[in-house]
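I opened this notebook to keep track of what I looked up, entry by entry.

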Amino acid sequence: MNFDNLFYQSPQPMLIFDIDTYLILEVNAAAIAHYGYSREEFLSLSTRDLRVSEERVLFDNLKSRFKASDNVFAEGQHLLRSGKVINVQIVSYIVEFKQKKCRLAHIHDVSSVVRQARNFEILVSIGALSPRILIFNLLFRK
């Protein structure tokens with residue numbers, strides 16, 4: 001399987017961005033469907049634009065890692081075109097795209113996992129769920 005098949009056919013949202021400018025250079029169909037932006041809209045954005053405003057400075061601090069590390073893992077919140085905020089985990093890799101050193105980002109929407117964890121924390125904090133029962137259920141549930 002070649003790069004084009006892996007990238008364009010993947011059910012996982014992916015994009016390729018320029019390491020220096022953060023501009024999105026390519027995007028797959030899964031990202032277009034998940035985020036709600038057209039391909040043209042995506043290509044007019046930077047990866048920084050996808051972040052919620054409160055996280056953009058933290059994202060800027062990754063710049064040195066983007067240039068130095070083969071693999072970079074990041075977590076944060078992204079904005080969909082609709083304005084909805086999602087929680088994401090991103091793993092990015094250095095790739096060459098159109099004769100330029102770039103990053104390929106695999107984006108995982110973990111919003112439902114984060115929501116579940118918050119619900120468990122709330123239930124434990126109000127005493128509606130014992131932490132021991134929660135751990136027992138997680139370990140021995142079939």
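My entries follow in the order in which I made them.

**Ground rules.** I am working with a predicted model, in which local features need pLDDT of at least 70 and side-chain atom pairs count only at pLDDT 80 or more, while totals for chains, interfaces and linings use all residues. I number residues from 1 along each chain as its sequence is written, and I take side-chain values from heavy atoms, with hydrogens and water left out.

**Sheet.** I looked up the strand order and found an open sheet of five strands, β2-β1-β5-β4-β3, with antiparallel pairing; strands are DSSP runs of E with at least two residues, helices are runs of H or I with at least four, and both are numbered from the N terminus, and two strands pair if DSSP finds at least two bridges between them. The edges are β2 (24-27) and β3 (71-79), each of which pairs on one side only. The twist from one strand to the next averages 30°, where axes are lines fitted to C-alpha atoms and angles run from 0 to 180 degrees between N-to-C directions. I then followed β3 to β4 (residues 85-97), where the antiparallel pairing runs over nine bridges, and noted that H78 has I86 in β4 as its bridge partner.

**Cores.** Which residues touch the most other members of the largest nonpolar core? They are L15, Y35, F42, L50 and F66, in a core of 23 residues; such a core is a set of buried Ala, Val, Leu, Ile, Met, Phe, Trp, Tyr and Cys residues joined through side-chain atoms within 4.5 Å. The elements giving two or more residues to this core include α2 (29-35) and β5 (100-109), and β4 gives the most, with three residues. Another core, of seven residues, lies apart from it and has V95, F97, C102 and L104 among its members. For Y35 I listed contacts (heavy atoms within 4.5 Å) beyond four places in sequence, and these include F42, L50, H78 and I86.

**Aromatic rings.** My search of the whole structure gave three aromatic pairs, a pair being rings of Phe, Tyr and Trp (its six-membered ring) with centres within 6.5 Å, stacked if the planes are under 30 degrees apart, edge-to-face if over 60 and tilted for the rest. F7 and Y8 are edge-to-face, at 4.8 Å centre to centre and 90° between the planes. F7 is buried at 1% relative accessible area, whereas Y8 is partly exposed at 33%; buried means under 20%, exposed over 50% and partly exposed in between, with a 1.4 Å probe and protein chains only.
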